[in-house]
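Me: I have a model open and want to go through it with you. Can we start with how the chains hold together and then look at single residues?

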Amino acid sequence: MEKWYLMTAAVLLGLIVRWTVSLNSYSGAGKPPMFGDYEAQRHWQEITFNLPIKQWYFNSSDNNLQYWGLDYPPLTAYHSFLCAYVAKFINPDWIALHTSRGYESQAHKLFMRATVLIADLLIYIPAVVLYCCCLKEISTKKKIASVLCILLYPGLILIDYGHFQYNSVSLGFALWGVLGVSYDWDLLGSLAFCLAINYKQMELYHSLPFFCFLLGKCFKKGLKGKGLVLLIKLACTVVASFVLCWLPFFTEREQTLQVLRRLFPVDRGLFEDKVANIWCSFSVFLKIRDILPHHIQIMISFCFTFLSLLPACIKLTLHPSPKGFRFTLVSCALSFFLFSFQVHEKSILLVSLPVCLVLSEIPFMSTWFLLVSTFSMLPLLLKDELLMPSVVTVMAFFIACATSFSIFEKTSEEELQLKCFSTSVRKYFTCFTFLPRIIQHLFLTSVITMILLTIMTVTLDPPQKLPDLFSVLVCFVSCLHFLFFLVYFNIIIMWDSKNGRSQKKIN
Amino acid sequence: MAALGIAIGGSNWFSALALGVTLLKCLLIPTYHSTDFEVHRNWLAITHSLPISQWYYEATSEWTLDYPPFFAWFEYALSHVAKYFDQEMLNVRNLNYSSSRTLLFQRFSVIFTDALFVYAVHECCKCIDGKKAGKELTEKPKFILSVLLLWNFGLLIVDHIHFQYNGFLSGLMLLSIARFFQKRHMEGAFLFAVLLHFKHIYLYVAPAYGVYLLRSYCFTANKPDGSIRWNSFSFVRLISLGLIVFLVSALSLGPFLALPSVFCLWFKPQGPRGFLRCLILCALSSFMFGWHVHEKAILLAVLPMSLLSVGKAVDASIFLILTTTGHYSLFPLLFTAPELPIKIVLMLLFTTYSISSLKTLFRKEKPLFNWMETFYLLGLGPLEVFCEFVFPFTSWNLKYPFIPLLLTSVYCAVGITYAWLKLYVSVLTDPPVGKTKKQ
């Protein structure tokens, strides 16, 4: 492509920001006895390397599940095993059974950070570059700008390279899945997505849109001919990939069940810790976690989740299109985040990835959402002493988006993809012309609120009686934002007539 | 909302570039810093707690004050802000004191003073002729020059990782050069005099200043063929410059090998552009043959050369060879493992951008590099792989640990010498220009 050097510059900038963020602290640094996610990942390397596969998910004298037991699917375990293999060459003390518990050193930190970077470089970054290069109807400059902005998204950088996790692997696989399925490489796309699910079970948030889109494609091709063939091929691909990943655990029924128990801890409550979803925010007013019995909680959560995502999914099945697929990914993941069971604040990344994919289509709203998603993780980031990198990366992301996409000039109805909706409403209320202005004012209010809350959380001490005041406020404010976005994205999906043919001129 | 949009939006690319690099500098705060960090902390302590008469005598720490007085005053001014961060750093006896607040203050002081550098770059961009530019923003010389200066690899790793204050000093120098281009000679001379009293290393380029000001400013007009018109001499101008420039030249320890180029500046004046080339040659000559030269001194030549690189293809080619090898020669400064990805990725970023953008700018002229030069530059890759990744695991690492440094120095010396020679040849063989206003 022309201007390949600008694309290279964008990727290299993404790498620089990632590595410099990784120089900061990680979760649980210097905090015995439990430490944090960093120690969890190191512990999994220890377990997978020293114990036979059959014992990985079981409680035993060598493997105490209370101390960071494995609770991700097998692919994470295999990845940990691979990392442990490399660690053995450099310094076996890092993964020695029992004695390496709580091991912390500069060299070890360098190694762990390097594993995240390598996984990112191999899986996530190529997917982002390929996705943006394949975008249709936009200039080369905008493609490069998209790559830069997606790679600068602060949420993923701060969690993977700060807090310490491997979200870029599962999100990367999911993105390969989106790529495959959007460009009619359905089998490869489904395979990639199955790998994503088998790396982190939270990717199930994305599974319904994949299912509906592929089903819709099969229906379109006709269920009596090509459609049925495609359906069978897809089913076989999915089953085969699951079998391959879970092979060592399918030998005994008890193995499979134990892994499932670790992946889906239904014994735990509706939510844990502070998270910006409905249940946590609602419990500010009414403590439903304590009032309602456990199985009722599960049922309510189930009903709300599915009711909120049903319209979009049905529309996607009936009118499958890549654009509808992307937006349905957003709304489904957001529904799950807001209403589902045992949601963690990091799960917002599952919504952020699809929003990054629509960044070039609705830059203003996407940038706004991505800023809020990072803000919603503020308590976690502060706990990990990542204030400086957070502020810097958020500012960098904002400047990149603002200059690349001129977001403040793109707030008209058409550019917000609300034209069809507004036209329909104007049939009943002819004076409904103020939508863009409302949205602009809301944005300003939102940014001011987020900045104020950040400053308050950092500088002030919460009152004695309400020690969690600021965390709860952050979650509550974020939740309100997310509800607004849920409504917005659903409006786009439902009012998107002719699958976006009328929206061509925007880009 | 629209006004906010225009202020933040795409029309203000310079602010975006400046803000972007500032944010990157903030991310570099927790990186490794060298003993220069302690040097400056010590100077903060000396200037804050001791009377002026003691500043150049104090020797509790091995890092005694060895910069001219203006820099001492600069540290004194900084110390008044420092006391709000951490009072303890201002204690002369607190050797190697580096609390997190001290680190934060010191790093921020470098980032903050870089504002002068940003302003200087902005002024330099005004002096660039953008007539041959395309309509595309990224192909305009102003844009390329801004990136080459604001995001200069050498400055980033020397100032914001290793720890020094070259940013605002280079800013002073670039600003004085810009003033010469804008025909504001008095300001330019004044700025240079100020700069000299901040860091005496700039004495090396003083001959260029001296001769240029005497020849092109004190003699107000030339004969049509470009030679000197003696009756146009202005005593007023001479005397007004005298106190500044002649003192400087007299004190100059300038490398004698710069003399031919300095003579050239007298006999074949080429206006501000000629002055700039002479300045770069002085800086490079002093780097090549001077006494007790630090590798960081290459920045003295690289930064002004950026101004020339967006003008002519020949200059662009010399600039790229000089910059790439000069920057690579800075690699041994950062020898810690966590900084390794930073220096490699940043170097790749700057090098690919500079080469590709200048190639695109001059694509209508002949290629920038011949096969020999291309081969040499590509050789830097395997050299780095060998020195950093292969050699440490061989048996020679214990017996001859200096080999990577030796190889780096020798290889880069070839490139820098070659660039120096090429620049000298182009200065000596370029035709003189009659009237200065053509520049």
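Me: How much of the contact in chain B is between residues 24 or more positions apart?
Reply: Such pairs make up 75% of the chain B contacts with a separation of 6 or more, where contact means heavy atoms within 4.5 Å. In chain A the share is 76%.

Me: Before I go on, what am I looking at, and how is it numbered?
Reply: This is a predicted model, in which local features need pLDDT of at least 70 and side-chain atom pairs count only at pLDDT 80 or more, while totals for chains, interfaces and linings use all residues. Residues are numbered from 1 along each chain as its sequence is written, chains are lettered from A and ligands numbered from 1 in the order in which they are written, and side-chain values use heavy atoms, with hydrogens and water left out.

Me: How many helices and strands in each chain?
Reply: Chain A has 22 helices and 0 strands. Its radius of gyration, taken over C-alpha atoms, is 23 Å, close to the 23 Å from the globule rule (2.2 Å times the number of residues to the power 0.38) for 507 residues, so chain A is as compact as a globular protein of that length. Chain B has 20 helices and 0 strands. Helices (H or I, at least four residues) and strands (E, at least two) are DSSP runs, numbered from the N terminus.

Me: What fraction of chain B is buried?
Reply: 57% of its 439 residues, with buried meaning under 20% relative accessible area, exposed over 50% and partly exposed in between (1.4 Å probe, protein chains only). For chain A the figure is 57% of 507 residues.

Me: Where does P389(A) sit, and what does it touch?
Reply: P389(A) is in helix α19 (residues 387–405) of chain A and is buried at 2% relative accessibility. Leaving out residues up to four places away in sequence, P389(A) touches V21(A), N24(A), L158(A) and, from the other chain, L27(B). Its C-alpha atom is 12 Å from that of Y153(A), 236 residues apart along the chain.

Me: And D496(A), buried or exposed?
Reply: Buried, at 11% relative accessibility. D496(A) lies in the segment after α22 (469–494).

Me: Switching to backbone geometry. Which residues does the cis peptide bond join?
Reply: P32(A) and P33(A), with omega about 0 degrees. P33(A) is in the loop between α1 (4–22) and α2 (37–50) of chain A. F35(A) is also in the loop between α1 and α2, and its phi is near 60 degrees, a positive value in a residue other than glycine.

Me: Why flag those?
Reply: Because most residues other than glycine have a negative phi, and most peptide bonds are trans.

Me: What about K183(B), where is it?
Reply: K183(B) is in the loop between α8 (166–181) and α9 (185–196) of chain B. Its phi is positive, about 65 degrees, although K183(B) is not a glycine. At 42% relative accessibility, K183(B) counts as partly exposed.
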